[in-house]
Amino acid sequence: MKKLLFIGDVVGTAGCEFLTARLGGLKRQYGIDVTVVNGENSSQNNGITAESADMIINAGADVITTGNHAFRHKDSMHIYERDFIIRPANYPEGGCVGKGICTLDMGAWSVTVINLMGTAFMEALDNPFTKIDRILEDVESRNIIVDFHAEATSEKKAMGHYLTDRVTAVLGTHTHVQTADEMILGGGTAYITDAGMTGPEISCLGADIEPVLNTYRFHMPARFSPSANPCFLCGVVVEFDEKSGKSHKIQRIIIR
């Protein structure tokens, strides 16, 4: 049996620093074999930079996934030259930098991480259901982890059922609120609608409350800033059989 630690959207410098302080202890506590972290909000003002990516990797992540803010910082596009930093695979082929899949060779076994983005209430990317079918045709590893970065819970649920018994885990990100629906689908696919976020807990998805509140009240544009309140870390631990790719257990974690 092997254990995956998957950590939801890291928000801002404070989230990166909290991850740095807690990740090593978490990995030892749960006996983690591979760690995947969503870092698409890890820079101070959304997106991911070379600096925030380095913080996440130095903290102990093996793979960084992203999402709709993957290309927010043009001066950091070069980070996608690194195999272990991926963007949603259903961005159009050809003119888009980076790739949406990463396979880690662990010696006697391997694990493939796939990043996908939903299209309901989000950008009009390639159909994620069609895209994952094409990707899985070429994946040789039996252990397949899917970070589905999507807005609609219905689309995430649909993807979980679509990939039941075809992948090891379907783990949702993007909405920053950890859901309480972790389960094993079919005979061995771990699922959760959203793993949650890592960053300031008393906030509006990591941002200062007042500017967000005023935007909803008055419908006037405002600059959002990261909250200075204490952080928490949200994610899941998935236990799986590396020989069959089947998950046996998924456990939510919240570290304050």
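Predicted model: local features only at pLDDT ≥ 70, side-chain atom pairs only at ≥ 80, totals over all residues.
Colleague: How many helices and strands does the protein have?

Modeller: Both are DSSP runs numbered from the N terminus: helices are H or I with at least four residues, strands are E with at least two. Counted like that, the protein has 5 helices and 13 strands.

Colleague: What is the radius of gyration of the protein?

Modeller: The radius is taken over C-alpha atoms, and the globule rule is 2.2 Å times the number of residues to the power 0.38. For 256 residues the rule gives 18 Å, and the protein comes close to that, so it is as compact as a globular protein of that length. Along its principal axes, the C-alpha trace spans about 50 × 40 × 35 Å. The radius of gyration itself is 17 Å.

Colleague: Among contacts between residues at least 6 apart in sequence, what percentage joins residues at least 24 apart?

Modeller: A contact means heavy atoms within 4.5 Å. Among the contacts between residues at least 6 apart, the part joining residues at least 24 apart is 63%.

Colleague: Let's get to the rings: how are Phe 71 and Tyr 80 arranged, stacked or edge-to-face?

Modeller: Rings of Phe, Tyr and Trp (its six-membered ring) pair if their centres lie within 6.5 Å; planes under 30 degrees apart count as stacked, over 60 as edge-to-face and the rest as tilted. The structure holds 4 aromatic pairs. In this one the centres are 5.4 Å apart and the planes sit at 70 degrees, so Phe 71 and Tyr 80 are edge-to-face.

Colleague: Which residue do ring pairs link into a cluster with Phe 71 and Tyr 80?

Modeller: Tyr 80 counts as buried, at 5% relative accessibility. Ring pairs tie Phe 71 and Tyr 80 into a cluster with Tyr 91.

Colleague: How many residues apart are Trp 109 and Phe 240?

Modeller: Trp 109 and Phe 240 form an edge-to-face pair, 6.0 Å centre to centre with 65 degrees between the planes. Trp 109 is buried at 10% relative accessible area, and Phe 240 is buried at 0%. Trp 109 sits in the loop between β5 (101–105) and β6 (110–117), while Phe 240 is in strand β12 (residues 231–241). The pair links distant parts of the chain, with a separation in residues of 131.

Colleague: Which residue lies over the face of Tyr 162?

Modeller: A charge sits over a ring if NZ of Lys or CZ of Arg is within 6 Å of the ring centre and within 35 degrees of the ring normal. Here the distance from the ring centre of Tyr 162 is 5.0 Å, and the residue is Arg 166.

Colleague: How far is the sulfur of Cys 231 from the closest cysteine sulfur?

Modeller: A disulfide is a pair of cysteine sulfur atoms within 2.5 Å, and the structure holds 0 of them. Cys 96 is in no disulfide, as the nearest cysteine sulfur, in Cys 102, is 16 Å away. Cys 231 is buried at 14% relative accessible area. Its closest cysteine sulfur is in Cys 16, too far for a bond at 9.7 Å.

Colleague: Where is Leu 205 found?

Modeller: Most residues other than glycine have a negative phi. Leu 205 has a positive one, near 60 degrees, and is partly exposed at 46% relative accessible area. Its place is the loop between β11 (197–200) and α5 (209–218).

Colleague: What is phi of His 174 near?

Modeller: His 174 is in the loop between β8 (169–173) and β9 (183–185). It counts as buried, at 15% relative accessibility. Its phi is positive, in a residue other than glycine, and is near 105 degrees.

Technical notes
Residues numbered from 1 in each chain as written. Heavy atoms only, no water. Buried < 20%, exposed > 50% of the residue type's maximum accessible area, 1.4 Å probe, protein only.
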